[in-house]
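Trainee: I am new to this one. Could you walk me through it, feature by feature?

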Amino acid sequence: MIKHHVKSTNMEMTPAISDYLTKKISALEKFVKKESEYVARIEVGRTTNHHHKGEVFMAEINLECEGDYFRAVAESDDLYRAIDQMKDEIVSEVVRTQKKKRHLLKRGHQKIKALIKKLRR
């Protein structure tokens, strides 16, 4: 389960943006452990008030669970595109960390198996 806290910077948080963020964060739940509780701190907003063109919107997420911390930041010319990029980046970080842990566990199993084979001889 992911608890999320949303903060808006230099702009007003509308219900449409809030619903879109909730939808994107709920899509992240299929990549995390079901029994763990995750806390996501999300910040969306404008980087500056005086710029009107270019990458002026940003979305940032800090996700933490069981000692693991993940962070993703995206900037774009459209707020919704920045949110999509942020979600894609955080998903790739979570999946990469899960693969890394699985690989280390697998290597440990292989070493134990080799040690047992060596002891049997």
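Mentor: Gladly! Let us begin with a charge over a ring, which requires NZ of Lys or CZ of Arg within 6 Å of the ring centre and within 35 degrees of the ring normal. Here Arg46 lies over the face of Phe57, at 5.3 Å from the ring centre.

Trainee: What should I know about the model and its numbering?

Mentor: This is a predicted model, where local features need pLDDT of at least 70, side-chain atom pairs count only at pLDDT 80 or more, and totals for chains, interfaces and linings use all residues. Residues are numbered from 1 along each chain as its sequence is written, and side-chain values use heavy atoms, with hydrogens and water left out.

Trainee: Which pattern does the chain follow along the sequence?

Mentor: Helices (H or I, at least four residues) and strands (E, at least two) are DSSP runs, numbered from the N terminus. This chain has two helices and four strands, in the order β-α-β-β-β-α. Its radius of gyration, taken over C-alpha atoms, is 20 Å. Along its principal axes, the C-alpha trace spans about 75 × 30 × 20 Å.

Trainee: How do I check the span of helix 2?

Mentor: The expected span of a helix is 1.5 Å times one less than its number of residues. For the 42 residues of helix 2 that gives 62 Å, and the end C-alpha atoms are 62 Å apart, which agrees.

Trainee: Which residues of helix 2 are buried?

Mentor: Buried means under 20% relative accessible area, exposed over 50%, and partly exposed in between (1.4 Å probe, protein chains only). In helix 2 the buried residues include Leu79, Ile83, Met86 and Lys87. The buried residues of this helix pack against helix 1, strand 2 (38–46), strand 3 (57–65) and strand 4 (68–76).

Trainee: How many aromatic pairs are there?

Mentor: Rings of Phe, Tyr and Trp (its six-membered ring) pair if their centres lie within 6.5 Å; planes under 30 degrees apart count as stacked, over 60 as edge-to-face and the rest as tilted. The count is one aromatic pair. The ring centres of Tyr20 and Tyr80 are 4.8 Å apart and their planes stand at 90°, so this pair is edge-to-face. Tyr20 sits in helix 1 (residues 15–28) and Tyr80 in helix 2 (residues 79–120), 60 residues apart.

Trainee: Is Tyr20 buried or exposed?

Mentor: Tyr20 is buried, at 18% relative accessible area, while Tyr80 is partly exposed, at 30%.

Definitions and conventions:
Contact = heavy atoms within 4.5 Å. Rg over C-alpha atoms; globule rule 2.2 N^0.38 Å.
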